[in-house]
Amino acid sequence: LGRRQVVQTGAAAAAVAPFLQNMPASANFDKSAKAPVITIFDHRGCTAHKNAEYKGALTNSIDDEMCVKVQSVKIAVSEQDAAKKLQEFISYE
């Protein structure tokens, strides 16, 4: 896999992740302030340390030196920053 394919895979995983939850469809607004955070580990050719992020079965190929981690993280934003952004978005009309 090339770097571009690793990034595309991570982006696809982040886009699909919310749909994998066992929740019924609804029109309710999610107020949890969580967003997907994608971390790409590309340690191809690195000999400075042992690649320990991935805990699954190895393929014994260069794929063992790459990993994409997707997690849902609460994004903290102050009320003041949120109000500034809201005004900025409203003014773009």
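These legends accompany several close-up views of a predicted model. Residues are numbered from 1 along each chain as its sequence is written, and side-chain values use heavy atoms, with hydrogens and water left out. Because the model is predicted, local features need pLDDT of at least 70 and side-chain atom pairs count only at pLDDT 80 or more, while totals for chains, interfaces and linings use all residues.

**View 1. The fold runs α-β-β-α from the N terminus.** Here you can follow 2 helices and 2 strands (DSSP runs numbered from the N terminus: helices H or I, at least four residues; strands E, at least two). Of the 93 residues, 8% count as buried (under 20% relative accessible area; exposed is over 50%, partly exposed in between; 1.4 Å probe, protein chains only).

**View 2. Two cysteines, Cys46 and Cys67.** Cys46 is partly exposed, at 29% relative accessibility, whereas Cys67 is buried, at 19%. The disulfide count is 0, where a disulfide is a pair of cysteine sulfur atoms within 2.5 Å.

**View 3. The second largest pocket holds about 250 Å³ of space.** Its lining has 12 residues, and Tyr54, Asp63, Met66, Cys67 and Val68 are the closest to its centre. Helix 1 (3-16) and strand 2 (66-74) each give two or more residues to this lining, and strand 2 gives the most, with 3. A pocket is an open set of points on a 1 Å grid over the protein atoms alone, where a 1.4 Å probe fits, with protein on both sides within 12 Å along at least five of seven lines; lining residues have an atom within 4 Å of a point. Grid points are joined across faces, edges and corners, and the volume is the space filled by probe spheres set on them.
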